[in-house]
Amino acid sequence: MHYESPIREPLILEDKTLHDITEDVARPIEGKANKWWWALFLFSLSAFLWGAGCLAYTAGTGIGVWGLNKTIGWAWDITNFVWWVGIGHAGTLISAVLLLFRQKWRLSINRSAEAMTIFAVVQAGLFPIFHMGRPWLAYWVLPLPNNFGSLWVNFNSPLLWDVFAISTYLTVSLVFWYMGLIPDFAMIRDRAVKPITKKIYSILSFGWSGRAKHWQRFEELSLVLAGLATPLVLSVHTIVSMDFATSVIPGWHTTIFPPYFVAGAIFSGFAMVQTLLLVMRKVVHMEAYITIKHIEYMNIVIMVTGSIVGVAYITELFIAWYSGVEFEQYAFLNRATGPYWWAYWAMMTCNVFSPQFMWSKKLRTSIAFTFFISIVVNIGMWFERFVIIVTSLHRDYLPSSWSMFSPTFVDIGIFIGTIGFFFVLFLLYARTFPVIAQAELKTIVKSSSTQSKNKAHE
Amino acid sequence: MSKKVIYGIYDDDDVILQAVKDIREKGVHINEVYSPFPIHGLDHALGLKPTRLAITSFIYGCTGLSLALLMMWYMMIQDWPMIIGGKPNFSLLQNLPAFVPITFEMTVFFAAHLMVLTYLIRCKLYPGSDQKSPDPRTTDDMFLMEIEAHGNEVEIVALIKETGAVEVKEEKIA
């Protein structure tokens, strides 16, 4: 059995028994949605519909409706793409990396974090597809035989690496999430009263019964999937960073990009997990499972990764100066003091300075402050991608083609739409899916709950 | 002779784990144990063989790796070589650095998805499958042990009760 020191803080509060966990996880699914849920849902849905309209307009007219110009060929679209992919990383990190490190605090947050991953990657995928201009031809990125002679996709291109990385990431995260959901759907099925609910959850649960042999395979499967997902998650943002790093654009052509992007992804992903879970634990009453301790652990991750990102920013500046390359030096000087100085300093303030507050125990255990910082970090990480993409492009080698970017209402509408879509999916998830991996959480009731700690103290 | 199955229902994972050990020591065969969560050491106590899922995953991963290299070799080197970004296209080995990311992704793709499929097939899990546990409480907080009796149900019931079961049920099967 898993042993845990009695002085370590409990991960399950309020003397919960196994049956209490079942009840608490099933309650939001079996109960009715309250006014707050409906208000948030309708709000997100209207944002989503607005975004869908903007996407339809883009597809129908062409990407000329975006604010891109000849100098700045990538702007909000790719910024949003990288932002959403980065957010996705925290889910896999929590469910896979923390599983390999045997961190039991992942158990009450991994389900929602992984749901967030999948929903975020869905949003991310929309941007490159619509940036193609003719999204109905998106399948051309696949290596399919075609009628243009022996023309194949270019395997030397990081953009194609991205296609493989993102699709592998999305599908592997999805099955990893679903395999964990099967026993929990079975729990909902077994206590469902209405025949229609029972029918739906028995289909979703794939006939799970909880046999000893199945659990043995389940544990092996989780372990191996975690072992596969860990390098996968690191590879995905590495490859995203190579979209930039393998090109010869000053400001992009940097070997530090892969680790720097991965740290940034984890940083922004944990911030989004905080934003979502702080609201969710309150709305569906999970305070006993998602405790202040969990929030504190996540804040420490935010602090560490935020500091790594800060070191990366400073290293970039140093290397630009040290390289002696005039164009490289100008690119970074222009970032900090050029026309986009405000975006650069917004990024610096939000990403490097704000997480430093988490050194204080009082602040990192404060729910209100954590929520505030999580929003600040998300804004900061959006600006980071904007700064990298737009400031590196807007002044290229030929001063006569220097330009500025301003988004059109379509750019803004699509971005708002993806935020709406993301929340629509998450809100539906919170009402129909077991939001805590209850089967696995039940394994730590004897080692990490308050009653077990009290027993150990006696 | 009529066959009967006897269900011993327990309310604690440590108790059922000890019970499995004790009952098997007496030479009684345990058909199955149903539990709401994985119990560590139960597979060993029941005498289950270790699962070979991880091995299959390794084989699938090797398949993915080979297919990825074969595909890229055929498309980029053999069928339609093109010099792009000055990357050498006359041998797989020299173009290999550019092929590493996709080779890795396809290795993971194959290893993960085919292992999941193997798991679902081996456990007979699919939408519409209906292999429920004999008692619905085993997905909540109860642990169930299933033993087949061949005319010796009285002893088995006594044995199960002795090991700390909170409930014993009998059921006739054909």
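This is a predicted model: local features need pLDDT of at least 70, side-chain atom pairs count only at pLDDT 80 or more; totals for chains, interfaces and linings use all residues.

User: Which residue does Tyr34(B) pair with in strand 3 of chain B?

Analyst: Tyr34(B) has Leu144(B) as its bridge partner there.

User: How many bridges join strand 2 to strand 3 in chain B?

Analyst: There are 3 bridges, and the two strands run antiparallel. Strand 3 covers residues 143-149.

User: And how many bridges join strand 1 to strand 3 of chain B?

Analyst: Those two are joined by 7 bridges. They also run antiparallel. One residue to look for is Ile9(B), which stands opposite Leu144(B) in strand 3.

User: What holds paired strands together in general?

Analyst: Backbone hydrogen bonds do, in either a parallel or an antiparallel arrangement.

User: OK, zoom out. What is the strand order in the chain B sheet?

Analyst: The order is 2-3-1-4, in an open sheet of 4 strands with antiparallel pairing.

User: Why do strand 2 and strand 4 of chain B each have one side without a neighbour in the sheet?

Analyst: Strand 2 (32-34) and strand 4 (167-173) stand at the edges. Each has a single partner strand, so one side of each is left without a neighbour in the sheet. From one strand to the next, the twist averages 20°.

User: Which strands does helix 1 of chain B lie across?

Analyst: Helix 1 of chain B, residues 13-25, lies across strand 1 (3-10), strand 2 and strand 3 of chain B. It runs at about 25° to strand 3.

User: Switching topic. What domains does chain B have?

Analyst: The domain assignment gives domain 1 as 3-50 + 143-173 and domain 2 as 53-122.

User: How many Å separate their centres?

Analyst: The centres of domain 1 and domain 2 of chain B are separated by 47 Å, taken over C-alpha atoms.

User: Now the two chains. How many residues are in contact between chain A and chain B?

Analyst: 52 residues of chain A are in contact with 56 residues of chain B. On the chain A side, the elements giving two or more residues are helix 1 (18-30), helix 5 (158-191), helix 7 and helix 15 (438-441). Helix 7 of chain A gives the largest share, 16 residues.

User: What kinds of residues are on that chain A side?

Analyst: They divide into 28 nonpolar, 15 polar and 9 charged.

User: Let's stay with helix 7 of chain A. How do its axis and that of helix 3 of chain B cross?

Analyst: The axes cross at roughly 35° and come within 9 Å. Helix 3 of chain B is residues 53-79.

User: Which residues meet there?

Analyst: From helix 7 of chain A come Arg217(A), Glu220(A), Leu221(A) and Val224(A). They meet Leu53(B), Ala54(B) and Ser57(B) in helix 3 of chain B. The residues of this contact divide into 4 nonpolar, 1 polar and 2 charged.

User: Is Arg217(A) buried or exposed?

Analyst: Arg217(A) is buried, because 23 other C-beta atoms lie within 10 Å, and the cut-off for buried is 20 or more. Arg217(A) is found in helix 7 of chain A, residues 212-245. Leaving aside neighbours within four places in sequence, Arg217(A) is in contact with Thr51(B), Leu53(B), Tyr119(B), Arg122(B) and Cys123(B).

User: How many residues are in the largest nonpolar core?

Analyst: The largest nonpolar core has 181 residues. Val273(A) and Val20(B) have the most contacts inside it. Helix 7 of chain A gives this core its largest share, 16 residues. The core also draws at least three residues from each of domain 1 and domain 2 of chain B.

User: What does Val20(B) touch?

Analyst: Not counting residues up to four places away in sequence, Val20(B) touches Ile30(B), Val33(B), Leu42(B), Ala45(B), Leu46(B) and Met145(B).

User: Last topic: backbone angles. What is phi for Glu14(A)?

Analyst: Phi of Glu14(A) is near 60°, a positive value in a residue other than glycine. Most residues other than glycine have a negative phi. Asp15(A) is not a glycine either, and its phi is positive at about 50°.

User: Where does Glu14(A) lie?

Analyst: Glu14(A) lies in the segment before helix 1 of chain A. Glu14(A) is partly exposed, with 14 other C-beta atoms within 10 Å. Asp15(A) counts as partly exposed, with 14 C-beta neighbours inside 10 Å.

Notes. Residues are numbered from 1 along each chain as its sequence is written. Chains are lettered from A and ligands numbered from 1 in the order in which they are written. Two strands pair if DSSP finds at least two bridges between them. Axes are lines fitted to C-alpha atoms, for helices over the stretch in contact, and angles run from 0 to 180 degrees between N-to-C directions. Two residues are in contact if their C-beta atoms, placed from the backbone, lie within 7 Å. A residue is buried if 20 or more other C-beta atoms lie within 10 Å of its own, exposed if 12 or fewer, and partly exposed in between; C-beta atoms are placed from the backbone. Ala, Val, Leu, Ile, Met, Phe, Trp, Tyr, Cys and Pro count as nonpolar, Asp, Glu, Lys and Arg as charged, and the others, Gly among them, as polar. Domain bounds come from an automatic or database domain assignment. A nonpolar core is a set of buried Ala, Val, Leu, Ile, Met, Phe, Trp, Tyr and Cys residues joined through C-beta atoms within 7 Å.
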